[in-house]
Amino acid sequence: MSDQTVEHYERVAADYDEHWSYDPDYVRRFSRAIVDALRLTRSDAIADVGCGTGLYTRRLAADVEPERPILCVDPVPAMLERLPASPRLQPLVAGAEDLASGRVAPPAPGRLDAIVLKESFHHVADRRATLEGLAGLLTRHGRILIVMLPRTIHHPLFREAHRRFGELQPEPAQIVDMVAEVGLRASVSYRTFHTAIDRERYVRMLAARYMSVLGEFSDDELRAGIEQFRHAYRNDPVLRFDDHFAFIKGWVRPG
């Protein structure tokens, strides 16, 4: 993760939960999809890499009720400070690269059964080496799930935000190939989450830079983008759009 991205998340940490998720039901539905995709069980040793404030990790813990705490990995201390104190959550200040390379070791001994990277893998610089290192942390029944948006998204952003997002986001097909290259069985499926949100609340989310791509804009650029957004959606008091996500899975090959 770049220094600029770390600084962005340091700035937004305090209000992150308020602005990043659309509503509690959205979080519940998304968490359920992750549980189903990874077939998580109570006995699994789980890591959420790039967990942020643990908004989704908390829900995963409630859904799975794991016997061991979920390892909550994030390189931004201000984000991890928002984690509630819970025996089901174990924070670790580290990036995906740190964990994969061994620069930072998990506090508990043993390997991991499941690793989740929800909308965080695009922040990784050396993706292949990081993925290979994370795969090396898995048990013989281990699996990894990378959840990511495609390059073209349907969020009601302004034009330049859409363009920059497409430049920064890798193609899911590239990541599927990478998962196979590091020796895991790879597959991809696509999930759609329907969203409805009050326009003025969404304006506040834009102003708070709720997506990391918005951290690429100066204050003046963001204000201009929000004005463009207001004009484009002036007749829509409630915004309705679909979030389409790639669920890229990798399993350790038997034998």
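Is Arg128 buried, partly exposed or exposed, and what is its relative accessibility?

1. Arg128 counts as partly exposed, at 33% relative accessibility. The structure is a predicted model, and this value, like the others below, is computed from it.

2. Arg128 has a salt bridge within its own helix. Its side chain meets that of Glu132 at 3.4 Å, N to O. Both residues belong to helix 7 (residues 127-135) and stand four residues apart, about one turn of the helix. Glu132 is also partly exposed, because its relative accessible area of 43% falls between the limits of 20% and 50%.

3. Arg128 also forms a salt bridge with Glu181, with 3.4 Å between the closest N and O atoms. This pair links distant parts of the chain: Arg128 lies in helix 7 and Glu181 in helix 9 (residues 172-181), 53 residues apart. Glu181 is partly exposed, at a relative accessible area of 49%.

4. The side chains of Glu200 and Arg230 meet in a salt bridge at 3.1 Å, N to O.

5. Some charged residues form a network. Salt bridges link Glu160, Arg163, Arg164, Glu167 and Glu221.

6. As for the total, the model has 19 salt bridges, among them the Glu200 and Arg230 pair. Side chains of opposite charge can pair when their charged atoms come close.

Technical notes: Residues numbered from 1 in each chain as written. Predicted model: local features only at pLDDT ≥ 70, side-chain atom pairs only at ≥ 80, totals over all residues. Heavy atoms only, no water. Salt bridge = Lys/Arg side-chain N within 4 Å of Asp/Glu carboxyl O. Helix = DSSP H or I, 4+ residues; strand = E, 2+ residues; numbered from the N terminus. Buried < 20%, exposed > 50% of the residue type's maximum accessible area, 1.4 Å probe, protein only.
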